[in-house]
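Colleague: I would like to learn how to read a model like this one. Could you take me through some of its features?

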Amino acid sequence: RSLGSIALRKAEDVDFKYHFNFFSVNFNEELVALYGGSLQRQTKFVHECIKVILKLYQGREFAPTSVAIVGHSMGGLVARALLTLKNFKPELINLLITQATPHTAPVMPLDKYLTDFYTAVNNNWILKAHDLRSLTTLSVAGGFRDYQVRSGLAFLPRLSQHDSALSVVSSAVPRAWASTDHLSIVWCKELILATIRAFFDLIDENTRQITEDPKRRMSVLNHHFVRHPAKIFEENPEAFTELTGTFIWITVRTSKWTYSVYNDSDGKYFTFPLASHRKSYSHVYCENSMLDTSSWIYGCLNSNSSMCLEATDLSWRAELLPNTKIVLLKLQDYPSLSHIVIQVPPAAGNKYNLACEFFRKDSRTVQLPVTHLLSFGFSSSKILLNSSGLLYNVQLQHFHQIYQAFKIYVESHCQSHKERKPSIYRLHIPWSHEDSIIVAKVPSLTEISAKLHIAQPENDSSVPELNIYSSSDCQYEVILKTSLLQVLGQIIRFHAGALPVYIVANILLAYGGQLSTLMSRGQCSDFSHELVRTAKPYKIEPLISIVVFLLGFNWFREIWESLSLPEVDAAVLSNQDAWFPLVSLMLFLFGTGIAYWSGVFFSTSLRLFSSLWLTLIRPTVLGKDDKLITPRRLCGVLSLCLISWTTCGAFALFLIYLQYLFKVL
């Protein structure tokens, strides 16, 4: 509904030259994330829906031969699963956009149907990677506000030969720059606008359908979801532009320049000769607070005069940020340019600021080693930036694991109290599109959370950066501390699925202790006492390590799978680079604590309800129950067998549990 309404407004803007029809697939609220038995049926249903939809257009002019699919959560996985069907034609889908879809693995692998379905979909994705180049896939994750599906699961499996798939986090999407929860990603207006703008830019004017060119599709998605140059999309922008108009030409020879525009009646061209700057500086940085889509920065080719009539448009190298658009150019990459030209058109009633500066990269790049995980926030790393420029890069050394989490405090001080532009702080993660951006007033103290959705790949040597788009003549102090609370949050975010297993392991150890004392002394000891006595990590940890090691060998894996045993949680997370030392021990201790207090709460509740039952119904004689099998029990057993056969064994076991709980009461 949200996509359809915005698409209608967009179609009105272009006088209905193009429009999109939207169809929704109703899965009847089936909770396939918790039970995977319906996933295959849903996939076949979607296939039938596509065939029915395309039949509606048969015999029409410009009839579509394929559909674009937008899938939310498990709907995105069902859309990918279409490619596993034997009779499905891949050309029926040209574009797939998924929102908060767990692609890599299920959030909670609760049954074999679910894990087998994931294995089939992801294996097909790898095996048919070459054939899937005609399908363009975009996965949008919700970021840290999505507590149901962590963003690391929403990244599509990486393949070197699969260059038509893109994964981004909503906090990095231009003009959205915000994290969303699991449901609001569907109706987040900024994301809907980006999606609909992309749809309209994908239209081929000749066929009036979504373009069949995979390269153009990826260009459009990169334009709207990765790096927006603050210009309307053009597939092949003109290489050269004529600088026309009766504008005043002004030469600027300084390395740093600022200009404020307010009600200027005359247009101006500011030219920056590069010959004098190439020896002293490596980069040029410019920013413009006028957020229109017109071109504003150009490069002159070998012009010896103070004017140039033909130039290359450098505005396509720009990047849109909140409140400003920026260009960062490495002079070495543009040896043929003689001048940089900034265009300032006449501004009737508009007020905006421009600034440019030349600098050496090493003078604006500082290294800040992150604090150790075990510092628990007591120690910190500090760095002081006496800002005379507009841009600083703080490299966060040794920040590459998912269990690392930090609080970064950026405090700004300025010499004068005049009104200044806000500072922009961007945490840039170079190996995935998961940047986060914060806009802060100057002066101020800003807190930034630094943690990862995906660990650094083994073959990647890049370093995360904190980009500070600063106000000149201000001082910035950057303080970094380990955040123990967020480290624990990362452990829960990545390993919560394994926590119930550790709780059950602790309970089973306590039951084993109770059975042991029952057999040796003839008396059952207290659950809490036995849990303290028997729940020792050395009874669990070595076994997990040995099994994970052996699962690396094919012969052991084949034996393991032939016995229909599920995958070990630690092995799954190791494959995702999300398992780290000590996490198993921490989860075991968490499990011990939860099992202990659950035991205390359960025992107290049992005594309370038991005394309440005794008050309401006091039996006069305690009934004797000598016989093991009675007609009543036989009927109960048969009915439970029937329930197991028609529903599932777990439900029958749950009913037996309730029956015995009632007996104890």
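Predicted model: local features only at pLDDT ≥ 70, side-chain atom pairs only at ≥ 80, totals over all residues.

Colleague: Start with the whole chain. How many helices and strands does the protein have?

Modeller: The protein has 17 helices and 26 strands. Its C-alpha trace spans about 110 × 70 × 55 Å along the principal axes. Of its 665 residues, 46% count as buried.

Colleague: Which domains is the protein divided into?

Modeller: The assignment gives domain 1 (3-226), domain 2 (240-361), domain 3 (369-489) and domain 4 (497-587). For domain 1 and domain 2, the C-alpha centres lie 39 Å apart.

Colleague: What share of the contacts between residues at least 6 apart in sequence join residues at least 24 apart?

Modeller: That share is 76%.

Colleague: Now helix packing. At what angle do helix 10 and helix 11 pack?

Modeller: Angles from 65 to 115 degrees count as roughly perpendicular. Helix 10 (residues 499-521) packs on helix 11 (residues 527-534) at about 105 degrees, and their axes are 8 Å apart. The two helices are therefore roughly perpendicular to each other.

Colleague: Which residues of helix 10 and helix 11 meet?

Modeller: Helix 10 brings Asn506, Ile507, Leu509, Ala510, Tyr511, Gly513, Gln514 and Thr517. Helix 11 brings Phe527, Glu530, Leu531, Arg533 and Thr534. By class, this contact has six nonpolar, five polar and two charged residues.

Colleague: Let us stay with Thr534. Is Thr534 buried or exposed?

Modeller: Buried means under 20% relative accessible area. Thr534 has 5%, so it is buried. Thr534 sits in helix 11.

Colleague: What does Thr534 touch, not counting residues up to four places away in sequence?

Modeller: Thr534 touches Leu509, Ala510, Gly513 and Lys539. The side chain of Thr534 reaches the backbone oxygen of Glu530 at 2.6 Å.

Colleague: Take another helix pair. At what angle do helix 9 and helix 15 pack?

Modeller: Helix 9 (residues 484-495) and helix 15 (residues 583-616) pack at about 90 degrees, with axes 12 Å apart. This pair is therefore roughly perpendicular too. Leu488, Ile491 and His495 of helix 9 make the contact with Val583, Met586, Leu587 and Phe590 of helix 15. Six of these residues are nonpolar, one is polar and none is charged.

Colleague: Next, a loop residue. Where is Ser66?

Modeller: Ser66 lies in the loop between helix 2 (39-55) and strand 1 (67-72). Its relative accessibility is 16%, so Ser66 counts as buried.

Colleague: Which side chain does Ser66 join by a polar contact?

Modeller: The partner is the side chain of Asn94, at 2.8 Å. Beyond its neighbours within four places in sequence, Ser66 is in contact with Leu54, Glu91, Leu92, Ile93 and Asn94.

Definitions and conventions
Residues numbered from 1 in each chain as written. Heavy atoms only, no water. Axes fitted to C-alpha atoms, helices over the stretch in contact; angles between N-to-C directions. Helix = DSSP H or I, 4+ residues; strand = E, 2+ residues; numbered from the N terminus. Parallel < 35°, antiparallel > 145°, perpendicular 65-115°, else oblique. Contact = heavy atoms within 4.5 Å. Nonpolar A, V, L, I, M, F, W, Y, C, P; charged D, E, K, R; others polar. Domains from an automatic or database assignment. Buried < 20%, exposed > 50% of the residue type's maximum accessible area, 1.4 Å probe, protein only. Polar contact = N/O pair within 3.5 Å; in protein donor to acceptor, adjacent residues only side chain to side chain.
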